[in-house]
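Here are some notes to read alongside the model.

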Amino acid sequence: MNKILVCDDEKEIVDAIEIYLEQEGFDVVKAYDGEQALKILKEHTDVQLAIIDIMMPKLDGIHACKKIREYSSIPIIFLTAKSEDADKILGLNIGADDYVTKPFNPLELVARVKSNIRRYTKLGAAIEDENGLIKVGGLIINDENKEVTVDGEEVKLTPIEYNILLLLAKNPGRVYSIDQIYENIWGEEPLGADNTVAVHVRHIREKIEINPKEPKYLKVVWGVGYKVDKI
């Protein structure tokens, strides 16, 4: 049974989300501010996804997410009362994997939970060497353990970042358009995908490249999309 953390300062919202998730077989742990969320995640190391409201007392969702990303790569879905693109991009910038705008359709939220957990726990089979590793120069992906190293140094990626990198690395030299990346990773129609994909690509570069402005691995093909170069 997948365990989900739901954190919102409005108890009614937490209870409503709990009902829908439990109907789908999820185990739910609840928190009502960012500090409680961090404490619960430390106590329940088997939590596989967190749903966190942005605006909360004591510790808001933005700062809670930053702290979670210091030690965990579990998927994080933000709840936000705002619909502006800037707020969505802000959430992605600080490590969130997805967002749902209030008021939301509970069935849509459940679908996004399932989608993010699938991406977190299992990806399609990659092209591997005899040791089960995907290698592009000094970039090595161990898909069994979901580990990435660059020149022997481990790199911590969020689930979305990992999935994008794996998609490109197992097809070195192939250019994927932004829409293709979005459809492969999010499993949805690529409406407004440009900013979402660009933010995640920038984060990947910051983590795997010595000089993100002159990337060795993850490159842009202007007007076309992105690729991981053959090395």
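1. A word on terms before we start: a residue is called buried when its relative accessible area is under 20%, and exposed when that value is over 50%. Keep in mind, too, that you are looking at a predicted model.

2. With that cut-off in hand, have a look at strand S4, residues 76–80. How many of its five residues are buried? Five of the five are, so by the under-20% rule the strand counts as mostly covered. Both of its faces are covered: Ile76, Phe78 and Thr80 are buried on one side, and Ile77 and Leu79 are buried on the other.

3. Next, the partners of S4. Strand S3 (residues 47–53) runs parallel to S4 and is joined to it by four bridges, with Ile52 standing opposite Phe78. Strand S5 (residues 98–101) also pairs with S4 in the parallel sense, again over four bridges; here Asp98 in S5 is the bridge partner of Ile77. If you follow the chain from S3 through helix H3 (residues 61–68) to S4, you trace a right-handed β-α-β unit.

4. Now for an open space. The second largest pocket holds about 360 Å³. Of the 20 residues that line it, Lys88, Tyr99, Tyr182, Leu191 and Thr196 lie nearest its centre. Helix H4 (85–93), S5, helix H5 (106–121), H7 and H8 each give two or more residues to this lining.

5. On to the nonpolar cores. The largest has 31 residues, and Leu165 and Ile181 touch the most other members. Strands S6 (133–136), S7 (139–142), S8 (147–150) and S11 (225–228) each supply two or more residues, and so do helices H6 (159–169), H7 (178–186) and H8 (193–208). H6 gives the most, eight residues. A second, separate core has 23 residues, including Val29, Met56, Ile62 and Ile74.

6. Leu165 deserves a click in the viewer. What is it in contact with, leaving aside neighbours within four places in sequence? The list for Leu165 is Leu139, Ile141, Val148, Leu157, Ile204, Ile208 and Val228.

7. S6 and S7 also make a hairpin. The two strands run antiparallel and are joined by four bridges, with Val136 and Leu139 as bridge partners. Two residues sit between the strands, and Gly137 takes a positive phi near 60°.

8. Last, a residue in a loop: Thr158 is found between strand S9 (153–155) and H6. Is Thr158 buried or exposed? Thr158 counts as buried because its relative accessibility is 4%. Setting aside neighbours within four places in sequence, Thr158 is in contact with Arg69, Ser73, Gly95, Asp97 and Lys207.

Definitions and conventions
Residues are numbered from 1 along each chain as its sequence is written. This is a predicted model: local features need pLDDT of at least 70, side-chain atom pairs count only at pLDDT 80 or more; totals for chains, interfaces and linings use all residues. Side-chain values use heavy atoms; hydrogens and water are left out. A nonpolar core is a set of buried Ala, Val, Leu, Ile, Met, Phe, Trp, Tyr and Cys residues joined through side-chain atoms within 4.5 Å. Buried means under 20% relative accessible area, exposed over 50%, partly exposed in between (1.4 Å probe, protein chains only). Contact means heavy atoms within 4.5 Å. Two strands pair if DSSP finds at least two bridges between them. A crossover is right-handed if, with the strands pointing away from the viewer, the path from the first strand over the helix to the second runs clockwise. On a 1 Å grid over the protein atoms alone, a cavity is a set of points where a 1.4 Å probe fits but cannot get out, and a pocket is an open set with protein on both sides within 12 Å along at least five of seven lines; lining residues have an atom within 4 Å of a point. Grid points are joined across faces, edges and corners, and a volume is the space filled by probe spheres set on the points.
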